[in-house]
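Dear colleague,

Please find below the structure that I am handing over to you. My notes on it follow directly after.

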Amino acid sequence: MNLAGFILCGKDKRAAIKGRWRIPEKSLFLTGLLWGAAGVFTGMLLFRHKTRHWYFMLGMPALIILNIFTLYKAIQLFGGFAV
């Protein structure tokens with residue numbers, strides 16, 4: 001999902017430059033919520049996209065923390081990963 005979030009940011013930035021149809025902000029946040037926050041945030045910084053929007057600059061790091069916390073709790077609950 002991180003790769004998908006990164007690609008979505010790149011595509012949306014390119015669409016913004018060319019004046020084309022844009023990816024809805026809800027889709028970027030949904031991708032972040034579904035384990036893609038690190039990819040979206042990396043794409044934001046690398047492509048300089050959505051960095052003026054406070055809700056992205058605070059929301060994506062918050063979703064990264066939520067993703068890490070959820071992973072931590074899942075590992076606690078299920079006792080680690082099966083290899």
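The notes below cover the helix packing and then the aromatic rings.

This is a predicted model, in which local features need pLDDT of at least 70, side-chain atom pairs count only at pLDDT 80 or more, and totals for chains, interfaces and linings use all residues. Residues are numbered from 1 along each chain as its sequence is written, and side-chain values use heavy atoms, with hydrogens and water left out.

Helices are DSSP runs (H or I, at least four residues), numbered from the N terminus. The axes of α1 and α2, lines fitted to C-alpha atoms over the stretch in contact, come within 6 Å and cross at roughly 55°, on a scale from 0 to 180 degrees between N-to-C directions.

Rings of Phe, Tyr and Trp (its six-membered ring) pair if their centres lie within 6.5 Å; planes under 30 degrees apart count as stacked, over 60 as edge-to-face and the rest as tilted. By this rule there are 4 aromatic pairs. One of them, Phe-6 with Phe-47, is tilted, at 5.2 Å centre to centre and 40° between the planes. This pair links distant parts of the chain, 41 residues apart: Phe-6 lies in α1 (residues 2–18) and Phe-47 in α2 (residues 25–47). Trp-54 and Tyr-55 form an edge-to-face pair, because their planes stand at 85°, with the centres 5.8 Å apart. Phe-29, Trp-54, Tyr-55 and Phe-56 form one aromatic cluster.

Definitions and conventions: Helix = DSSP H or I, 4+ residues; strand = E, 2+ residues; numbered from the N terminus.
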